[in-house]
Amino acid sequence: MVFLHLIFKDFMLRKLLLCFTEEKFGQAEKTELDAHLETLLSRTESTKHWTEKIMKQTEVLLQPNPNVRMEEFLYEMLDKKVPMRANNHELLGECMIDSGHEFGPGTAYGSALIKCGETEKLLGSAEKEFIQSSAINFLTPFRNFIEGDFKTISKERKLLQNKRLDLDAAKNRLKKARVADARSAAETELRIAQSEFDRQAEITRLLLEGISSTHAHHLRCLNDFVYAQATYYAQCYQYMVNLQKQLGSFPSTFSNNNQPAGSSSASIWVPTAQPAASLPAPPPSQASPALNELRSTSGTRKARVLYDYDAASSSELSLLSDEVITVSSVPDMDSDWLMGQRGNQKGKVPITYLELLN
């Protein structure tokens with residue numbers, strides 16, 4: 001049986017080669033596919049080409065390390081679970097936390113390192129969620145098309161090619177037939193070959209027309225990918241804004257990082273995600289004419305809040321960026337502070353967080 005199978009395969013191969021050779025030298029008629037089918041074939045090939053390219057670049061985006069990508073590919077081929085490993089954000093976070101404990105959680109620098117490390121680990125966790133979501137909702141459907149639908153289309157396309165060669169061969173034999181009996185047999189063979197070719201062309205056409213549905217599905221996947229990206233970057237932004245607020249509340253003296261956190265009233269100034277052009281240029285020691293006027297008249301004035309500020313005690317007033325409050329100067333108050341009022345709420349506010357309005 002194996003021997004007969006090999007003989008049959010050899011016969012079919014010779015037959016295909018003969019048909020191709022005859023078509024090449026113009027000795028046999030070549031059946032052309034209709035224009036619509038050719039357009040569908042071209043569109044399918046283009047879809048396959050760009051789907052593979054998008055997949056490859058997305059994989060590079062999600063995992064820039066080629067060695068790690070290869071390792072994950074091998075685990076996937078072996079149908080084994082990829083071992084969990086810390087990403088770069090998490091490794092940096094662990095390093096910062098360890099160093100913060102080494103310098104001392106009670107120091108401003110040590111405490112700040114620990115806070116930064118915790119935020120880096122949050123960033124690492126958000127990155128893992130983004131990668132997992134993108135792999136499931138974006139890469140997997142694209143890969144399923146390449147390994148599933150397109151393979152089916154390729155298989156039917158090859159069958160169509162074989163049927164076309166059979167039809168061309170039948171047409172050629174009919175041309176060469178001289179005897180009536182031979183012509184009758186050739187005509188019967190041609191009708192069968194034409195019927196099989198038409199049937200296979202219809203099957204292939206239906207599969208190719210499904211590419212429109214594939215594009216619609218890939219569009220939904222693209223929306224999911226964009227949503228995952230937007231969620232990831234929004235999370236990262238919020239984590240960093242929160243970290244800036246926490247760092248802004250840390251007291252510190254720049255001359256001694258090992259000083260205990262509660263021993264100084266100076267604060268580290270940290271902007272909260274605002275353009276550099278909007279940051280205040282003059283240092284606190286330089287009093288503006290508007291501020292001198294406010295102090296000399298003991299009146300009130302409107303002021304716009306430049307940055308968020310969390311009150312450190314019940315005598316202070318918490319501030320929100322861009323809100324407008326009423327401020328006044330109180331005798332014997334520290335020169336770096338004013339008295340702020342928002343409705344019935346009242347408390348000290350730092351001058352460096354305010355812009356006096358005309």
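Reader: Which residues is F130 in contact with, leaving aside its neighbours within four places in sequence?

Author: L62, F225, A228, Q229 and Y232. Contact means heavy atoms within 4.5 Å. This is a predicted model, where local features need pLDDT of at least 70 and side-chain atom pairs count only at pLDDT 80 or more, while totals for chains, interfaces and linings use all residues. Residues are numbered from 1 along each chain as its sequence is written, and side-chain values use heavy atoms, with hydrogens and water left out.

Reader: Which residues touch the most other members of the largest nonpolar core?

Author: F130 and L208, in a core of 31 residues. A nonpolar core is a set of buried Ala, Val, Leu, Ile, Met, Phe, Trp, Tyr and Cys residues joined through side-chain atoms within 4.5 Å. Buried is under 20% relative accessible area, exposed is over 50%, and partly exposed lies in between, using a 1.4 Å probe and protein chains only.

Reader: Which elements give two or more residues to this core?

Author: α2 (35-62), α5 (108-176), α6 (180-209) and α7 (211-248). α5 gives the most, with 14 residues. Helices (H or I, at least four residues) and strands (E, at least two) are DSSP runs, numbered from the N terminus. There is also a second, separate core of 17 residues, which includes L319, I325, W337 and Y353.

Reader: Back to L62. Buried or exposed?

Author: L62 counts as buried because its relative accessibility is 9%. L62 is in helix α2. The C-alpha atoms of L62 and S134 are separated by 8.4 Å, although the two are 72 residues apart along the chain.

Reader: What does the rest of α2 pack against, on the buried side?

Author: The buried residues of α2 pack against α5, α6 and α7. Those buried residues are L37, L40, L41, T44, T47, T51, M55, T58 and L62.

Reader: And how far apart are the end C-alpha atoms of α2?

Author: They are 40 Å apart, which agrees with the 40 Å that its 28 residues should span at 1.5 Å a residue. The expected span is 1.5 Å times one less than the number of residues.

Reader: Now α4. How many residues does it have?

Author: Helix α4 (residues 88-103) has 16 residues and reaches 23 Å from first to last C-alpha, close to the expected 22 Å. Its buried residues are E90, G93, I97 and G100. They cover an arc of only 85 degrees around the axis, so they sit on the same side of α4. That arc is taken from the directions from the helix axis to the C-beta atoms.

Reader: What does the face turned away from the buried side of α4 carry?

Author: The exposed residues N88, C95, D98 and E102. The buried residues of α4 pack against α5. After α4 comes G104, with a positive phi near 110 degrees.

Reader: Which residues have positive phi although they are not glycine?

Author: Among them are D322, at about 80 degrees, and D332, at about 70 degrees. D322 is in the loop between β1 and β2. D332 is in the loop between β2 and β3 (337-342), and it counts as exposed because its relative accessibility is 84%.

Reader: Where is E323?

Author: E323 is in the loop between β1 (300-305) and β2 (324-328). E323 counts as buried because its relative accessible area is 16%. Not counting residues up to four places away, E323 touches A303, R304, V305, S318 and R342.

Reader: What does UniProt list for residues 153-180?

Author: A "coiled-coil region", from an unreviewed entry. UniProt positions are in the numbering used here, feature names are shortened, and annotations may be inferred rather than shown by experiment. In the model, that span is 89% helix and 0% strand, and its end C-alpha atoms lie 41 Å apart.

Reader: Whole chain, then. How many helices and strands?

Author: Eight helices and five strands, in the order α-α-α-α-α-α-α-α-β-β-β-β-β from the N terminus. Of the 358 residues, 31% count as buried.
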